[in-house]
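Work through the exercises below with the sequence and the model side by side. Try each task before reading its solution.

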Amino acid sequence: NSYINGPAQTLANANAGYKLGATSGVNEIFNLSGQDAALTKVGGGLFDFNAANMTSAWLGNHQVKVTGWLNGVIVNEKTVTLQVTGSQKNVFDFMGIDKVTFSSVAGNKIALNQFNDGKQFILDDVVLNVAPVPEPSTYAMMFAGLGVLGLMVRRRKMS
């Protein structure tokens with residue numbers, strides 16, 4: 001995986017989809033050399049992969065298989081068809097996963113690319129929901145509250 005910290009049009013000529021795929025202008029994600037790409041939560045854990053704007057860098061009718069994983073098992077799968085001519089919002093709603101992968105499947109080369117078979121695509125405006133990790137103080141408060149409840153129950157039983 002790679003990301004672009006700045007306008008994607010600096011990567012390629014005007015015939016490529018990089019320019020049109022850069023909808024936010026910062027931190028676009030693309031699959032370097034057309035390889036499969038994956039997103040996971042830093043430090044592990046579950047997240048929801050809701051949506052992303054996607055654009056093909058070089059291929060027309062570029063099919064990308066997007067797969068949601070949980071503990072090494074496929075739980076969601078969707079194939080989207082991308083174009084070089086513009087970014088499109090794709091809704092996935094993959095809930096409670098620990099990894100999402102992106103694999104180029106097929107497409108027709110329509111833009112000049114001297115580097116490889118043109119299977120690069122751009123993700124931008126990615127929408128994720130990540131559950132916050134509770135702070136240790138949150139656990140301490142929870143256990144203290146349970147302790148107080150336990151004392152109250154015990155007091156009622158004794159009286």
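The model is predicted: local features need pLDDT of at least 70, side-chain atom pairs count only at pLDDT 80 or more, and totals for chains, interfaces and linings use all residues. Residues are numbered from 1 along each chain as its sequence is written, and side-chain values use heavy atoms, with hydrogens and water left out.

**Exercise 1. Describe the protein chain as a whole.**

Solution. 
- Start with the elements, where helices (H or I, at least four residues) and strands (E, at least two) are DSSP runs numbered from the N terminus. The protein chain has two helices and nine strands.
- Then look at burial, where buried means under 20% relative accessible area, exposed over 50% and partly exposed in between (1.4 Å probe, protein chains only). Of the 159 residues, 35% are buried.
- Consider the surface, computed by the Shrake-Rupley method with a 1.4 Å probe; for residues, only the protein chains shown count as cover. The accessible surface of the protein chain is about 9,300 Å², and carbon and sulfur atoms hold 57% of it.
- Finish with contacts (heavy atoms within 4.5 Å). Among those with a separation of 6 or more, 76% are between residues 24 or more positions apart.

**Exercise 2. Work out how the strands pair.**

Solution. 
- Two strands pair if DSSP finds at least two bridges between them.
- An open sheet is formed by four strands in the order β3-β8-β5-β6, with antiparallel pairing. At its edges are β3 (37-40) and β6 (73-82), each pairing on one side only.
- In this sheet, neighbouring strands are turned by 20° against each other on average, direction ignored. The axes behind such angles are lines fitted to C-alpha atoms, for helices over the stretch in contact, and angles run from 0 to 180 degrees between N-to-C directions.
- Four bridges link β3 to β8 (residues 99-109) in the antiparallel sense, and Thr 40 stands opposite Lys 99 in β8.
- Now turn to β9 (residues 121-130), which runs antiparallel to β2 (residues 28-30) and is joined to it by two bridges. Here Ile 29 is opposite Leu 123.
- β9 also pairs with β4 (residues 47-56), antiparallel and over eight bridges; Asp 48 has Asn 129 as its bridge partner in β9.

**Exercise 3. Find the nonpolar cores.**

Solution. 
- A nonpolar core is a set of buried Ala, Val, Leu, Ile, Met, Phe, Trp, Tyr and Cys residues joined through side-chain atoms within 4.5 Å.
- The largest has 17 residues, and those with the most contacts inside it are Phe 49, Met 54, Val 64, Val 66, Val 100 and Phe 102.
- Two or more residues each come from β3, β4, β5 (59-70), β6, β7 (88-97), β8 and β9. The most come from β4, which gives four.
- Take Val 64 as an example: beyond its neighbours within four places in sequence, its contacts include Met 54, Val 80, Leu 82, Phe 102 and Phe 121.
- Another core, of six residues, lies apart, with Tyr 18, Ala 57, Trp 58 and Ile 122 among them.

**Exercise 4. Why is the pair Phe 92 and Phe 94 edge-to-face?**

Solution. 
- Rings of Phe, Tyr and Trp (its six-membered ring) pair if their centres lie within 6.5 Å; planes under 30 degrees apart count as stacked, over 60 as edge-to-face and the rest as tilted.
- The whole structure holds five aromatic pairs. For Phe 92 and Phe 94, the ring centres are 5.6 Å apart and the planes are at 70°, so the pair is edge-to-face.
- Check burial: Phe 92 is buried, at 8% relative accessible area, and Phe 94 is buried at 3%.
- Finally, one aromatic cluster is formed by Phe 49, Phe 92, Phe 94, Phe 102 and Phe 121.
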